[in-house]
Each structure stands twice: as C-alpha cells, then as structure tokens.
Amino acid sequence: MPVMQSVIVGIDFSPASASALAHATRLATAAGARLHAVHAPGGAAEGDPGLPDRWERFRGPVVGAADVPLEVLPGPQFQALEEAVHRHGADLLVLGARGEGGAGLGLGT
C-alpha cells in the first residue's frame, strides 16, 4: 500500500482555506507526510510586506500548523498549484470548497 509523503494545501486566506489547512495538517500529520502551504494570488507574486504576519495569524489557531511555511507562487492560480504539486511530488492537493471569489468561482468550487 502506497504511503502519502507530501501534501499541498492551497491558501487564499478565506475561511474555506482555513478549513483546508486544518484538514491538510491533520492528514499530513497522521501520514507522516510533509505539508506545503501554497498561496497563488494570481499574476506576479510580488512581495507583500504584511504577508508574513497575516500568515502567522492565519495559521495560529490551526493545531499542528505552527511550523508550516507559506510558499507564494506567481502566475495563474491553477498553474501555480499544479507546478507546486509536481515540484514537491505531492500525493494530495487540498483546497477549500470556496475561496475569496465566493460561490461558483475559483479552484475549490
């Protein structure tokens, strides 16, 4: 039986991605897998000086996520997440049901 070694979770700072982070953290911990949080804002991933603090506050309430780094990738969201999945050899991609775009929009939908 294959063992899960790497999990990617998409983060857009929505409540749905907070839920995705919690589930991905739980699954990765149970499997002993590496967890990679990926934020793909679309377009260029230029430095947002407030992003590190925002990430700290966002992941703070999630048990087990304190040491999970956030990787920010440029380009269209789907392509950025696909690239991260391939680069990390991810066995699982976890996305929230809805993101910042609301119902019917975005990758989670």
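Visitor: Which residues are buried in helix 2?
Guide: In helix 2 (residues 51–59), those are L51, W55, F58 and R59. Buried means under 20% relative accessible area with a 1.4 Å probe, protein chains only, and helices are DSSP runs of H or I, at least four residues, strands E, at least two, numbered from the N terminus. This is a predicted model, where local features need pLDDT of at least 70 and side-chain atom pairs 80 or more, while totals for chains, interfaces and linings use all residues. Residues count from 1 along each chain as its sequence is written, and side-chain values use heavy atoms, leaving out hydrogens and water.

Visitor: What do the buried residues of helix 2 pack against?
Guide: Helix 1 (15–31), strand 2 (34–39) and strand 3 (70–72), with contact meaning heavy atoms within 4.5 Å.

Visitor: OK, new topic. How many aromatic pairs are there?
Guide: Three, pairing Phe, Tyr and Trp rings (six-membered ring for Trp) with centres within 6.5 Å; planes under 30 degrees apart are stacked, over 60 edge-to-face, the rest tilted. For F13 and W55, the ring centres are 6.4 Å apart and the planes at 85°, so that pair is edge-to-face.

Visitor: Where do F13 and W55 lie?
Guide: F13 lies in the loop between strand 1 (6–10) and helix 1, and W55 in helix 2, so the pair ties together parts 42 residues apart in sequence.

Visitor: And what about F13 with F58?
Guide: Their ring centres are 5.1 Å apart and the planes at 70°, so this pair is edge-to-face. Ring pairs link F13, W55 and F58 into a cluster.

Visitor: Is F13 buried or exposed?
Guide: Buried, because its relative accessibility is 11%.

Methods
Buried means under 20% relative accessible area, exposed over 50%, partly exposed in between (1.4 Å probe, protein chains only).
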